[in-house]
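Please look through the structure below together with its sequence, and then follow the paragraphs, which turn to the surroundings of the ligand before moving on to a pair of strands.

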Amino acid sequence: MTERDVVIIGAGPAGLACATKLKEIGINDVLLIERERKLGGILNQCIHDGFGLHNFKETLTGPEYIERYLEKLYKLDVEILSDTMVVNLFPDKSMILSGPWGREKIRAKAVVLAMGCRERTAGAIWLAGTRPAGIYTAGVAQRLMNIDNYMVGNEVVILGSGDVGLIMARRLVLEGARVLMVLEKLPYSSGLPRNIVQCLEDYDIPLYLKTTVKKVYGKRRIEGVEYVRLDDEGKPIPGSEKFVKCDTLLLSVGLIPENELSREAGVALHPVTGGPIVNDTYQTNIEGIFAAGNVLHVHDLADMASMEGELVAEFAKKYLEGNLPKVDSWIDVKAGAGVRYVLPHKVSRKIDVNFLFRVSEPSRNRYIIVRDGNRIIKRRRVINLHPAVMENIRVKADEMKDASSLEVMVE
Amino acid sequence: MAPGGENVFDIGIVGGGVIGSAIAYELSRYNLKIAVFEKEPDVCFGTSGRNSGVLHAGFYYQPGSLKARLCVEGNKIMREWIRLLKVPFKATGKVLVAFDEEEVEELHKLKERGEANGVEGLEIIRENENVEKICPGVKGAIACMYSPATAIFSPYLLTIALAETAHYNGVKYFLNCEIRKVEKENGIFKLKDENGNKYECKWLINATGVHSADFSKMVGINDYRIYPCRGEYLLLDKILAPLLKMPIYPVPAKKVGGHLGVHLTPTPEGPILVGPSAEYIEDPEDYESTPEVMNKLYEEGYKLWPYFKRSDVIRTFSGIRAKPVPPGDTRFFDFVIKEEESIPRFINLIGIESPGLTAAPAIAKMVRGIIEKKEKLTPKENFEPRYLRGERFEELSEEEREKKAGEDPDWGEIICRCEKITRREIIEAIENPLGAKTLASIKFRTRAMMGRCQGGYCLPKIIEILEKEYGYKPEDFQLHKEGSWLFSGRMREND
Ligand SMILES: Cc1cc2nc3c(=O)[nH]c(=O)nc-3n(C[C@H](O)[C@H](O)[C@H](O)COP(=O)(O)OP(=O)(O)OC[C@H]3O[C@@H](n4cnc5c(N)ncnc54)[C@H](O)[C@@H]3O)c2cc1C
Ligand SMILES: Cc1cc2nc3c(=O)[nH]c(=O)nc-3n(C[C@H](O)[C@H](O)[C@H](O)COP(=O)(O)OP(=O)(O)OC[C@H]3O[C@@H](n4cnc5c(N)ncnc54)[C@H](O)[C@@H]3O)c2cc1C
C-alpha cells in the first residue's frame with residue numbers, strides 16, 4: 001500500500017485551490033483525486049458568469065474560473081488522478097480507489113475532503129402524485145443541457161427557488177422553453193437576491209412564495225402539477241389549489257453535502273450543515289482529516305469554497321509538520337438567536353478565526369454579535385441579511401482567549 | 001406437438017410478471033414452444049416490481065386453501081430457485097408484534113393456523129425483553145410471534161432472472177405487446193396484439209395480474225371481477241439498514257380483506273420499506289403517492305419502529321393488488337388457478353394477490369400439472385436452470401474486485417456512486433437478453449438510480465453510454481413506458 005502525505009478527494013474549486021496552495025507552500029507529496037475525467041467540479045456545468053469576483057476581481061464563467069486554477073496546477077506539477085473514484089475511506093486514512101485503470105488501496109497522512117454536494121430529490125421532499133418522466137433536479141437538468149446537449153422539455157415549472165433552479169429558469173428561457181413559474185414554500189426565496197433579479201425578474205418569470213406543488217399528474221411524461229398556497233404554518237390552504245399544464249418539473253429544493261465517505265471513516269457530521277463538525281483548523285473529529293468547500297457546508301460562491309480550500313492547505317501543512325496548536329480544551333461555538341449555523345463548530349482560542357454563518361430569515365439593520373455569556377466580544381452593524389447569503393465575522397485569538405463559551409447571534 | 005410457423009406456439013402466456021415468468025421458466029424445462037406476451041416494455045413494471053419482497057411463511061391463510069398450500073410449498077421451492085437464479089436474498093425471519101391482549105390472542109390463532117398449514121418454527125414470545133432480543137428496536141410490544149421461515153428477497157430481480165433464464169431456454173418474449181383480442185378456432189387460440197400482429201397457441205395462460213378479470217372476459221369467461229387496491233410505500237435510506245434485522249409486522253387488521261397492515265421490511269440491498277397502505281381505487285394502474293397516505297405510513301411505521309425520521313425517505317412508490325373482493329368484504333377468497341371447463345386449454349389465474357410472489361414457483365408447478373394431464377411433456381436435454389448473467393461487483397471480495405478491475409476497465413469505472421455500480425454492470429443491463437431498453441429496465445437490473453441520490457449522479461452517465469455506445473438519439477430515451485420521453489431534442493446541432 002502506497003503512503004502519501006496529503007490526498008485531496010474532489011477537484012472542484014475547493015480541492016483545486018487546496019492542492020495548488022499546498023504545493024506553493026512547500027508540500028510536495030500531494031495527490032488530487034477526481035472521479036470525473038475533467039477537473040473543476042460543478043463549475044464545468046456553470047456556463048453563466050459571476051464567478052471570480054473575489055479571487056480574480058472580474059466576473060468569469062465557471063469553466064473560465066476553473067481554467068485559472070488549472071494553469072497554476074499544471075505549472076506547479078501537482079499530481080492528479082482523474083477518472084478515479086474514492087469508493088471507501090477508512091478511519092486510518094487509508095482508502096480504496098477505483099477507475100478504468102484498476103483498483104488500489106492507498107493511505108495518506110492527511111486527507112482533505114472536498115467532495116462537494118448533491119441535490120435533494122423528489123423522494124426526499126415527499127413529492128405527491130405520479131412518477132412520470134420529466135421530473136429533474138435542477139443540477140441534473142443543467143448538466144444534461146450544458147454538457148450533454150439535451151433539451152429537457154418545453155413547458156417548465158420550477159419547484160424551489162434555490163440558486164441552481166433560478167439559473168436554470170433563465171437558461172431554459174434563453175433556449176426557447178417557457179418557464180411558467182417558480183414555486184417556493186418559504187415566505188422568501190432561498191436563492192441569492194441577485195439571482196432573483198437577474199434570472200426571474202429580468203425575464204418576467206413569476207415567483208410564488210408560500211406555495212408548493214400538491215400533486216404531480218401524468219403517467220408517462222408529466223402533464224401538469226397542482227399547486228397550492230401555504231399558510232403561516234406551512235400548511236396547504238384548502239381551496240387555493242390551481243392546476244398548471246407543463247411537461248417538465250425542475251426541483252431546486254436544496255443541496256446536501258456529500259459525506260458518505262466521511263461517515264464511513266467515522267467523521268462526525270453536523271445536523272444542520274450536513275457536513276463534518278470541524279474545529280478552527282478545519283480538522284474533523286478524526287485527526288488528520290480536514291474538510292473544505294461544499295462538502296463542509298453549502299456555499300453560494302465558488303470563490304469562498306476556493307478560499308476555504310487554501311485555508312485548509314495551511315492547516316494541513318502545519319498538521320504534517322506537527323505544528324498545529326496543542327489544545328487541551330476546545331470551546332463549542334453556538335448558533336444564537338437568528339443564526340442557523342456557525343462554522344467552525346469548535347475553537348481553540350489560540351488562532352484568529354473568521355466565523356462563517358447563515359441567518360435564519362431575511363432582515364434589515366441588525367447587529368451581528370459574538371459573545372461569551374453576557375460579555376460582547378465583537379459587534380458589527382449590517383444593513384441586509386438574507387439566509388441565502390453567507391455572512392462572516394472575524395475574531396482575533398486575543399479577543400477570545402478568556403472566553404468560556406462562544407455564541408454568534410443577530411440582534 | 002410443436003406446430004409450425006413463426007408465431008405459432010404450444011403455450012401462450014399473457015402477462016410477463018412474476019407469475020407469467022415463473023410459468024415460462026418452469027415450462028421451459030420441456031420440449032415446448034412457448035411465448036410470453038407483455039404489454040409493458042419490461043417484465044417487472046406491474047405488481048411484481050412493486051411489493052414488499054417478503055418470502056412469506058404461510059400462517060395468514062385458511063388451512064386447506066390454495067393460498068396456504070402454495071405459499072408453504074412456494075417458500076421451499078423459492079429458496080432453491082433463488083440460489084440458482086442468484087437473486088439477492090436474506091433469511092431474516094420476521095416478527096409480528098402485539099400491543100394488547102386481544103392482539104396476543106390473535107397471535108396464538110395465527111400460530112395455530114400456521115402450524116395447520118405446515119409452517120415450521122413459529123414461536124410466541126411473551127416477555128418484553130425477549131421481544132427486544134429477537135428484534136431489537138421494537139418498542140412497547142407486549143408479545144410477538146417469531147417466524148424463522150420468513151425471508152426477504154428482490155422481487156424484480158427474481159422476475160427478471162426468471163424471464164431471462166426462460167428466454168435462454170428458448171421461451172420467446174414479446175415486449176410492448178398487449179394482447180387485445182382472443183378467438184378460438186379449431187381448438188387453437190388466435191391472438192391479436194394492439195398493432196394487429198397475430199399469434200397462435202394451443203394453450204393460453206392468463207397471467208395478467210390486475211387485468212386478469214378483463215382478459216378472462218376477452219376469452220369469454222365473465223365470472224370474475226378484480227378490485228384494484230393500491231398499496232403505497234415509503235423507501236428509507238439504507239443508512240438505517242444495520243438497525244432493522246428483519247421485517248416487523250403488526251397483527252393484521254380486519255378492515256380491508258386480508259391486509260397485513262403497514263409494516264417495516266428491510267430489502268436485501270439495504271433500503272427499508274415502510275408500508276403498504278390499502279385503498280381501493282378505480283384505475284388499476286394509478287401508481288400515485290398521496291400526502292394523506294404518506295403521512296399515515298410515517299405515523300404507523302414510526303409506531304412500530306421509532307428509528308427513522310421524515311428526512312430518511314429517499315423515494316415513495318406504490319403497487320396495486322389484484323383483489324377479488326370489493327371494499328368492505330372481509331371474507332377469505334382463494335386464488336383461482338384452473339383450466340376453464342367451458343374453454344379447454346385456457347388456464348385462468350385470477351386474484352393472485354399476496355402471497356402470489358412467494359407462491360409463484362408452486363403456482364408454476366401447479367400450472368404444469370394441469371397441462372401434463374393432457375399433454376405428454378418431454379424434458380429438454382440441455383435445459384439450463386441457472387441464471388447465466390454477470391456478477392454484482394459490490395458483492396465480491398475486495399481481492400476479487402481488484403482482480404476484475406485490473407483486467408477490464410469497465411469493472412473499474414463506477415457509474416452509480418450510491419450503490420457503487422460499475423460500467424460493466426450497466427452495459428450488461430443494456431444488453432439484456434429480453435431487449436428491454438428503458439432507463440427503468442437498467443435501473444431494475446443494476447440498482448443504478450435507486451440509491452439516495454436517485455440518479456442525480458449516474459443518470460447523465462448512463463445517458464452518455466447509451467448515446468456514445470448504442471447510438472441513442474434524443475427521442476430514443478424513455479423512462480419506462482412508451483411516451484415517457486426524457487428529451488425534447490438537442491440544445492444545439494452536433495458538430
Ligand atoms: C448550479 C450552480 C450554480 C452556481 N452559480 C454560482 C455563481 O454564479 N457564482 C459563484 O460564485 N458560485 C456559484 N455556485 C457555487 C459554487 O459552484 C460552489 O460553491 C462550488 O462549486 C463548490 O466547490 P467544491 O469544490 O466544494 O465542490 P464541487 O464543485 O462540487 O466539487 C467536488 C468535486 O469532488 C468530486 N468528487 C466527489 N466525490 C468524489 C469521490 N468519492 N472520489 C473522487 N472525486 C469525488 C466531484 O466529482 C467534484 O468534481 C453555483 C453552484 C451551482 C451548483
Ligand atoms: C403492495 C403489495 C405488496 C405485496 N407484497 C407481497 C409480499 O411481500 N410477498 C408476496 O409473496 N406477495 C406480495 N404481493 C403479491 C405479489 O406482488 C403478486 O401476487 C405478484 O406480483 C403478482 O404477479 P403477477 O405476475 O400476477 O402480476 P404483474 O406483475 O402485475 O404481472 C402481470 C403482467 O401482465 C401484463 N399484462 C396485463 N394485461 C396484458 C395484456 N392484455 N397483454 C399483455 N400483457 C398484459 C402486465 O403489464 C403485467 O406486467 C404484494 C402485492 C402488492 C400489491
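Strand β3(A) supplies the largest share of the shell around ligand 1, namely 3 residues, where helices (H or I, at least four residues) and strands (E, at least two) are DSSP runs numbered from the N terminus. This is a predicted model, in which local features need pLDDT of at least 70 and side-chain atom pairs count only at pLDDT 80 or more, while totals for chains, interfaces and linings use all residues. Residues are numbered from 1 along each chain as its sequence is written, chains are lettered from A and ligands numbered from 1 in the order in which they are written, and side-chain values use heavy atoms, with hydrogens and water left out.

Of the 36 residues around ligand 1, those that come nearest are A14(A), E34(A), L43(A), N294(A) and A302(A); a residue is counted as near if one of its heavy atoms lies within 4 Å. The shell divides into 19 nonpolar, 11 polar and 6 charged residues, with Ala, Val, Leu, Ile, Met, Phe, Trp, Tyr, Cys and Pro taken as nonpolar, Asp, Glu, Lys and Arg as charged, and the others, Gly among them, as polar.

A polar side-chain atom of H48(A) lies 3.0 Å from a nitrogen atom of ligand 1, and a polar backbone atom of I42(A) is 3.0 Å from an oxygen atom of the ligand, each being a pair of N or O atoms within 3.5 Å. Taken alone, ligand 1 exposes 1,000 Å², of which the protein buries 95%, the areas coming from the Shrake-Rupley method with a 1.4 Å probe.

Elsewhere in chain A, strands β25 (residues 363-372) and β26 (residues 375-385) pair in the antiparallel sense over 9 bridges, pairing being assigned if DSSP finds at least two bridges between two strands. Within this pair, I369(A) has R379(A) in β26(A) as its bridge partner.

How values were computed. Polar contact = N/O pair within 3.5 Å; in protein donor to acceptor, adjacent residues only side chain to side chain.
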